[in-house]
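Student: Can we go through how parts of a protein chain meet each other? I'd like to take it one step at a time.
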Amino acid sequence: MNNDIFPCLWCDEDAKQAAEFYCNVFNGTITADTPVVMNIDLFGQKLMLLNGGPQFKKNASVSFMVICETEDEVQDYWNKLMVGGMALMPLDSYPWSKKYGWVRDQYGVTWQLFLGEKQEDQKIIPTLMFIHQNNGKAMEAMEFYTQTFPDSKIGNILKYKDGGEPHEVPENIQHAHFIIDGYVLFCMDNSYDHQFDFNEGISMVVMTNDQEQTDYLWNTLISNGGRESMCGWLKDRFGMSWQIVPKRLIQLMNDSVPEKAQKVVQAMMKMQKIIIKDLEEAYSS
């Protein structure tokens, strides 16, 4: 599993409370604790929580599938996540799982608890829902992502015509599994007129090794209709948010001399794509 790719949850000054909540639910640990960023480890997977303010709300266009090994495990997570939360699909037996439920927790994150076999060694799997103008584009998105990242492949695909769902377009994807650079994701098409879509509330972070890799991922992900944002953020052609972050940025920001680290942060705040050379010049100035 690749921990250079991981989800980021946008929080409104409650990142620490949310991090503690998820560590309690899933027996995780806090690995970074700052006023702006909290990092947690859940089952060996990294999850970042960012205190960004009230601008963006998390929603079910990106949910998290948790693969559980026993019915008791499903029930335990369900009970904890339902505290202050609400059921989107009740905990029950379904054709695809003997025990399954979809819950939105008190912090707005949605979790699909699934009794079934684990994919590779990854227990929590981000699941992308392609809706509105993106409905029917899940296959195109998987092809785009797997062509963009190394060590990638498309796995199992279930179309609606094969899943016995009469209210959806038969050729659209009911559920699919793909891997980018060793990191597992799921996706699905959905024709329901949801009152939400992809936004910055949940993004995917990619840590890069150098400027060449940063440039390549940035330029590829914004191609054919994506757009640049600030501080390493971008949206791809489907509206999915990514953060392309050089590892060198984190090293410089964590410098033991606060004044130097602050200069790096100030330089980064003026950038769209992160330019490592400019960060190092700010650090040395």
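Predicted model: local features only at pLDDT ≥ 70, side-chain atom pairs only at ≥ 80, totals over all residues.

Student: Which strand gives the most to the side of domain 1 that touches domain 3?
Tutor: Two strands each supply at least two residues of that side: strand 1 (5–11) and strand 4 (45–51). Strand 1 gives the most, with five residues. So the name you want, going by the numbering of strands from the N terminus, is strand 1.

Student: How many nonpolar residues does the side of domain 1 that touches domain 3 have?
Tutor: Sort that side by class: there are no polar residues and one charged residue. The rest of the class count is nonpolar, and the number is seven.

Student: Which residue forms a salt bridge with aspartate 4?
Tutor: The count between domain 1 and domain 3 is one salt bridge. Domain 1 covers 1–55 and domain 3 covers 203–284. A salt bridge here needs the nitrogen within 4 Å of the carboxyl oxygen, and the closest N and O atoms are 3.0 Å apart. The partner of aspartate 4 is lysine 247.

Student: How much area do domain 1 and domain 3 bury between them?
Tutor: The size of an interface is often given as the accessible area lost when the parts come together. Here 63% of that area is on carbon and sulfur atoms, and the total is about 690 Å².

Methods: Residues numbered from 1 in each chain as written. Heavy atoms only, no water. Domains from an automatic or database assignment. Buried area = accessible area lost by both parts, 1.4 Å probe. Salt bridge = Lys/Arg side-chain N within 4 Å of Asp/Glu carboxyl O. Helix = DSSP H or I, 4+ residues; strand = E, 2+ residues; numbered from the N terminus. Nonpolar A, V, L, I, M, F, W, Y, C, P; charged D, E, K, R; others polar.
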